[in-house]
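Here's a quick briefing to read with the model open beside you. Take a look at the structure first, then work through the points below.

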Amino acid sequence: MHRRLIAPGAFVASLLLAVPASADTGGVGESPTERSAPGTPGIGDPYYPAYGNGGYDVSHYGLRLKYQPETDKLEGTATLLAKTTEDLSRFNLDFLLDVSEVRVNGAKAAFGTSGEHELEITPKSPLPKGTEITVVVRYTGVPSSKEAYGFTSWLRTPDGGVAAGEPEAAWWWFPSNDHPLDKATYDVSVLVPDGSQAISNGTLQSTSSRAGWTRYNWRSNKPQVTYLATLAVGKFDVTTGRTENGIPIINAYSKDIGDTYGAARTSVERTGEVADWLTEFFGPYPYNALGGYVPNTPQVGYALETQTRPFYSPRQFANGSNVSVVVHELAHQWYGDLVSVAGWKDIWINEGFARYAQWLWSEHENEGTAQEIADHVYASRPADDPFWTVKPGDPGPENQFHVAVYDRGALALQALRNEIGDEAFFEVLKGWPARYAHGNATVGDFVAYAEEVSGESLGALFDTWLYQPVKPSAAAAEQVAVAPPGVAPKTPKSWRKIAATNSVHEHEVGHGH
């Protein structure tokens, strides 16, 4: 995935964040109009100062799109339902395509662009705090021609295009408040030429054809983060089914992924089985739709937990079937999608748990227990390996998708399991998604929750395994029964499969995991 330490414009944005978004002086007789101010061009995330926006909260995105695969031209009308959280004279959306008109509550609004991806909107009249607003943005553009910070998250394919990236993908296809703190429901209606299909999140409500074009109407009826919204247009083989618990499944496979087709299909077709198995550990599956899709995107190697329907690069199946990566992405439906990060520094509450689910699957498949894998991870990396300098609890934007966030992150969970015992540990795993369902949380929230459930003080344990930029000492490992001294751990049978999914977090053209 692409990564930059300091994005151009980030310093300016961080300065702007230091200014209160609304200067409420409390002056006598001051009207909301007089005290309104522009919303900030960032939501306040220190990893990505310009991502998201201040001053409002979106509840629903209605996207009506037309896409021509031959030219990569996208035309759209986005209708956002939102509510102001402060008095606003102006507000921003994150977006890259060319805008022709903006309306706020029916009236034309002035608009312009700034920074790398800011669409600035000035409504006809200032908006008092607590105002329900409907924002309509008409736009067009060729997503593959647009870059921000020197990269694109739009994946052009021979038969269309794909929006799938983390932490950003929305800018290339719809205007949004692009940060996990602002979740919303979605209706995505896409018109494509006959012979092409449009894949998105949630349930396929209907399709209709007229005059050489077919419209696909998708609905996500539960809150969804912007980076978890996806769009793929191309020529797909589509399969349908239901989980044992009755959840409808729609999977899609590009017709032109060559020799990886069979391995992709034998992996992703096990989605229902894996999701049912994960409910034993994480509680009921949280959504009303399920699936996965494998487009022809060899330019990237990652997979991504796009809500209800994960994206998989065909490269994930280059060496054969890879159910482990399906386990990883489906675990994210609870850990990452249902409960999302409050800030990007909290990435461990997504990745450490999705990796640990792979360890549990290894145990399920009799290919090595979670304990054996933990022992291997600890023993196989010497103390001077840079792996140990990465702090999973706050890795920094440059290391957000480093393998240590995954493997050391899962190692921390095995340490927790050994410390508090299986009964409390699995109660934590199942209780956490329910506690913060459809919301956001921090690493600190998880530590507090684990302490609440176990009745133990766990600050020192998490400090050792998540925050110290050194390999935990042999004594610290022994204390939580990891890699007992004098025993050389064997390489678990599943390790090659698990390690093969490390490209899940490659720093390539766009992000994913």
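Asp-72 sits in the loop that runs between β2 (56-68) and β3 (73-84); helices here (H or I, at least four residues) and strands (E, at least two) are DSSP runs, numbered from the N terminus. Keep in mind that this is a predicted model, where local features need pLDDT of at least 70, side-chain atom pairs count only at pLDDT 80 or more, and totals for chains, interfaces and linings use all residues. Residues are numbered from 1 along each chain as its sequence is written, and side-chain values use heavy atoms, with hydrogens and water left out.

- Most residues other than glycine have a negative phi, and most peptide bonds are trans.
- Asp-72 isn't a glycine, yet its phi is positive, at about 65°.
- Asp-72 is also buried, with a relative accessible area of 0% (buried means under 20% relative accessible area, exposed over 50%, partly exposed in between, using a 1.4 Å probe and protein chains only).
- Ala-481 has a positive phi too, of about 55°, although it is not a glycine.
- You'll find Ala-481 in the loop between α12 (474-479) and α13 (495-500), and at 44% relative accessibility it counts as partly exposed.
- The peptide bond from Glu-166 to Pro-167 is cis, with omega near 5°.
- Pro-167 belongs to the loop between β11 (160-163) and β12 (184-193).

**Helices α8 and α9**

- Helix α8 (residues 403-420) packs with helix α9 (residues 422-435) at an angle of about 130°, their axes 6 Å apart.
- Those axes are lines fitted to C-alpha atoms, for helices over the stretch in contact, and angles run from 0 to 180 degrees between N-to-C directions.
- α8 and α9 are therefore oblique to each other; angles under 35 degrees count as roughly parallel, over 145 as roughly antiparallel, 65 to 115 as roughly perpendicular and the rest as oblique.
- On the α8 side the contact (heavy atoms within 4.5 Å) is made by Leu-413, Leu-416, Arg-417 and Ile-420, and on the α9 side by Asp-422, Ala-424, Phe-425, Phe-426 and Val-428.
- Seven residues of that contact are nonpolar, none polar and two charged; Ala, Val, Leu, Ile, Met, Phe, Trp, Tyr, Cys and Pro count as nonpolar, Asp, Glu, Lys and Arg as charged, and the others, Gly among them, as polar.

**Buried helices: α5 and α7**

- Helix α5 (residues 323-331) is mostly covered, with nine of its nine residues buried; His-328 and Glu-329 are among them.
- In α7, the buried residues include Ile-373, Asp-375, His-376 and Tyr-378.
- The buried residues of α7 pack against α6 (348-364), α8, α11 (459-467), α12 and α13.
- Tyr-378 is found in helix α7 (residues 370-380) and has a relative accessible area of 8%.
- Not counting residues up to four places away in sequence, Tyr-378 touches residues including Trp-388, Leu-411, Trp-465 and Lys-471.

**Cavities**

- A search of the whole structure turns up three cavities of 30 Å³ or more; on a 1 Å grid over the protein atoms alone, a cavity is a set of points where a 1.4 Å probe fits but cannot get out.
- The largest cavity holds about 40 Å³ of space; grid points are joined across faces, edges and corners, and a volume is the space filled by probe spheres set on the points.
- Its lining (residues with an atom within 4 Å of a point) includes Arg-219, Lys-222, Tyr-287 and Gln-307.
- The lining of the largest cavity divides into one nonpolar, seven polar and two charged residues.

Notes. 1 Å grid on protein atoms, 1.4 Å probe; cavity = no way out; pocket = protein on both sides within 12 Å on 5 of 7 lines; lining within 4 Å.
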